Amino acid sequence: MQISELGGREVAILGTGAEGYAAWRRLRERFPRQPLTLYTEAEQPPGWVQNLEPDLDRLVTGPLDGDRLRRHEVLLRSPGISPYRDALSGAREAGVIFTSGSSLWLAENPGARTIAITGTKGKSTTAALTAHLLSACGMRAAVAGNIGRPLLECDAGEADWWVIELSSYQICDLDCGAAARPSLVGLLNLSDEHLDWHRGAENYHRDKLRLARLASPGRLLVNHRDAFL
């Protein structure tokens with residue numbers, strides 16, 4: 001799904017953290033007069049929500065409610081909100097479309113040269129080191145995703161190479177389309193973590209390895225020393 005496909009639809013943004021803010025800004029920029037709904041479970045929403053436009057933006061606070069979520073056509077999920085929660089699972093079963101900032105950015109920029117890196121441990125260090133090595137080779141390199149800026153804040157033309165750190169929270173429903181697959185995917189290691197969020201080890205492993213399935217043929221680097229991988 002591309003951002004253009006969100007025009008004129010009943011879209012809601014789940015979460016008002018950095019990813020939610022980036023999504024709201026990008027959609028408001030693209031569709032200045034389109035109503036948007038934002039959901040937050042934060043006891044005290046961040047200060048930027050004061051910039052919401054009262055006649056266009058609706059802020060809903062408190063626990064996510066499945067009946068309310070099912071009224072939307074598209075839910076733009078922030079990484080911290082698990083799609084395995086009952087409210088979200090029910091919305092998906094009802095036919096609501098899910099997307100994310102990472103999915104939208106990759107689909108929007110199929111020509112961007114991207115290195116997607118994940119692993120239970122060492123993602124940030126490896127992403128930062130990769131960007132450093134690219135810069136040392138004379139490339140304009142930028143780090144985004146789980147570290148750095150949310151992707152929807154980034155203009156693809158700012159860098160020759162984008163090093164994108166992705167957590168399992170971002171990969172679980174990542175969908176960028178065949179034309180926008182990462183240029184290179186790196187899998188560092190895999191062990192049990194975040195099992196509550198993923199509702200079990202099986203889901204966590206599958207979600208993490210989803211990035212391998214999104215890699216183009218011959219564009220996947222896997223740490224052979226990790227016995228689990």
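Begin by selecting S102: apart from neighbours within four places in sequence, this residue is in contact with L151, L166, Q170 and L174. The model on display is a predicted one. Is S102 buried or exposed? With a relative accessible area of 4%, S102 is buried, since the limit for that term is under 20%.

**The whole chain**

Next, zoom out and show the chain as a cartoon. Eight helices and 10 strands can be traced in the chain. The radius of gyration is 18 Å, close to the 17 Å given by the globule rule for 229 residues, so the chain is as compact as a globular protein of that length. Along the principal axes, the C-alpha trace spans about 50 × 40 × 30 Å.

**Surface and charge**

Buried residues make up 50% of the 229 residues. To view the charges, select the 26 positive and 28 negative side chains; the centres of these two sets lie 4 Å apart.

In soluble globular proteins, nonpolar side chains tend to be buried together. Here, the largest nonpolar core has 41 residues, and L27, W105 and W162 are those with the most contacts inside it. Helix 1, residues 18–30, supplies the largest share of this core, with four residues.

Then select V60, L64, L75 and A91, which are among the 13 residues of a second, separate core.

**Helix 5 and L134**

For the last stop, colour helix 5, residues 123–136, and select L134 within it. L134 is buried, with a relative accessible area of 15%. Beyond residues up to four places away in sequence, L134 touches I115, M139, A141, W161 and V163. Finally, draw a distance line from the C-alpha of L134 to that of D160: these residues are 26 apart in sequence and 9.3 Å apart in space.

Technical notes: Residues are numbered from 1 along each chain as its sequence is written. This is a predicted model: local features need pLDDT of at least 70, side-chain atom pairs count only at pLDDT 80 or more; totals for chains, interfaces and linings use all residues. Side-chain values use heavy atoms; hydrogens and water are left out. Helices (H or I, at least four residues) and strands (E, at least two) are DSSP runs, numbered from the N terminus. The radius of gyration is taken over C-alpha atoms; the globule rule is 2.2 Å times the number of residues to the power 0.38. Buried means under 20% relative accessible area, exposed over 50%, partly exposed in between (1.4 Å probe, protein chains only). Lys and Arg count as positive and Asp and Glu as negative; His and the chain ends are not counted. The place of a charge is taken as NZ of Lys, CZ of Arg, CG of Asp or CD of Glu. A nonpolar core is a set of buried Ala, Val, Leu, Ile, Met, Phe, Trp, Tyr and Cys residues joined through side-chain atoms within 4.5 Å. Contact means heavy atoms within 4.5 Å.
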